[in-house]
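Colleague: I would like to learn how to read strands and hairpins in a model like this one. Could you take me through some examples?

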Amino acid sequence: MHRKQWLWVFISALVVALAYFGYGLTPKADILMENDYNNIGNMHILPDIVQDGEYMYFIGLDAGLDTSGLCKAYKDDYNLENVEDLGGNIKKLFLPSNGVLYYVNGDDGDSIYSIDKDGENKIKLTDMTCDELITFQDKIYFTSAEGMYSMDFDGSNLELVYSEPVTNIFPYESFLYFIQTYEDVPVKDVVMDQKRIMRFCPNNHEIKDIGGRYVERFFILSDRFYFFDEKTLCYMGIDGADILDIPEYYTHVDTMNFYGKYFIFSSVNQPIGTFAIDSETGEVKKISDETYNFIYVLNDALFTNKGFIQFTGSKFG
């Protein structure tokens, strides 16, 4: 399904689910909240909606509203009865940090802007556009066709810090991790692209090749990578050692996400269903017999194209 249709499907499924099941969620999960990365698993799936505190922010058109502006609603207002249109022509919306939101402005050549969460202080940061954007160690990092850039929060000191195209930016401790594509790599008698996980040090721009061969998506939990490589779910240590395939599961990358300490995914092969791996103990728990097209973390629950997954103590005790 096209990315621009997902938010409307997501909101519609959510309204139906809430009407049928009622609204009852478990206490708030600690999803790296101290670093504003509570939505980072979502950025690679649907960069059209974020949650920050008591409010969710989203692109109006993608929620079926008659506006392309940045919209704001209370986090429990899933019927979107009291939506505040903050204006603009928003193409992509990124993680909030330092009290502001970051977005791609369709009214200005898809340039990168920041805006306060009340819709005030709209600031153009750069003429460039981006696919992914995060804040890390008092800098903004974003990706473009040329590579990865950094800049100050006011848009100054723009610098190309890595001159190869990258995806899947993920901050962990004092480093940034991402996927880099190596084109035309000879493998036996075949020449093909490879996609490997790399580690970037913001202080000295040092790069380390961590591993993988055809990595499509990864997350880091409890000093361990969980990633999808060559149609196989895998994990390995933070230094790239101890790689282990989990071959019994075949997943779609847009169902890969995390909730607190749990790595979440759907498996469309035997066994079929949706599972959670405890990143601290390695225990695998089946949380649903259903499989999904995407899994999205919002408002302390998992939302899918079929509704929402409500956690209880029996699921994640």
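Colleague: Where is confidence lowest, and where is it highest?

Modeller: This is a predicted model, so the definition of pLDDT comes first: the predictor's confidence in each residue, from 0 to 100. The mean pLDDT of the protein is 80, with 81% of residues at 70 or more. Helix α1 (residues 3-21) has the lowest confidence, a mean of 50, while strand β12 (residues 159-162) has the highest, at 96. Over residues 15-36 the pLDDT is below 50, and in the model this stretch has 43 contacts beyond near neighbours in sequence.

Colleague: Turning to strands, which residues of β26 lie on each side?

Modeller: The general idea is that side chains in a regular strand alternate between the two faces of the sheet. In strand β26 (residues 301-304), Ala301 and Phe303 are on one side, and Leu302 and Thr304 are on the other. All four are buried, and both faces of β26 are therefore covered, given that buried means under 20% relative accessible area.

Colleague: How many bridges pair β25 with β26?

Modeller: Four, in the antiparallel sense; β25 spans residues 295-298. Within that pairing, Ile295 stands opposite Thr304 of β26. Thr304 also stands opposite Gly307 in β27. Strand β27 (residues 307-309) runs antiparallel to β26, and three bridges join them.

Colleague: How many residues separate β26 and β27 in their hairpin?

Modeller: Two residues lie between β26 and β27.

Colleague: How many residues of β19 are buried?

Modeller: Strand β19 (residues 232-237) has five of its six residues buried, and is mostly covered. To read its pairing, take one partner strand at a time. Strand β18 (residues 224-229) runs antiparallel to β19, and six bridges join the two. Phe225 is opposite Met236 of β19 in this pairing. Strand β20 (residues 244-246) is also antiparallel to β19, joined to it by three bridges. There, Leu233 has Ile246 of β20 as its bridge partner.

Terms used:
Residues numbered from 1 in each chain as written. Heavy atoms only, no water. Buried < 20%, exposed > 50% of the residue type's maximum accessible area, 1.4 Å probe, protein only. Pairing = 2+ DSSP bridges. Contact = heavy atoms within 4.5 Å.
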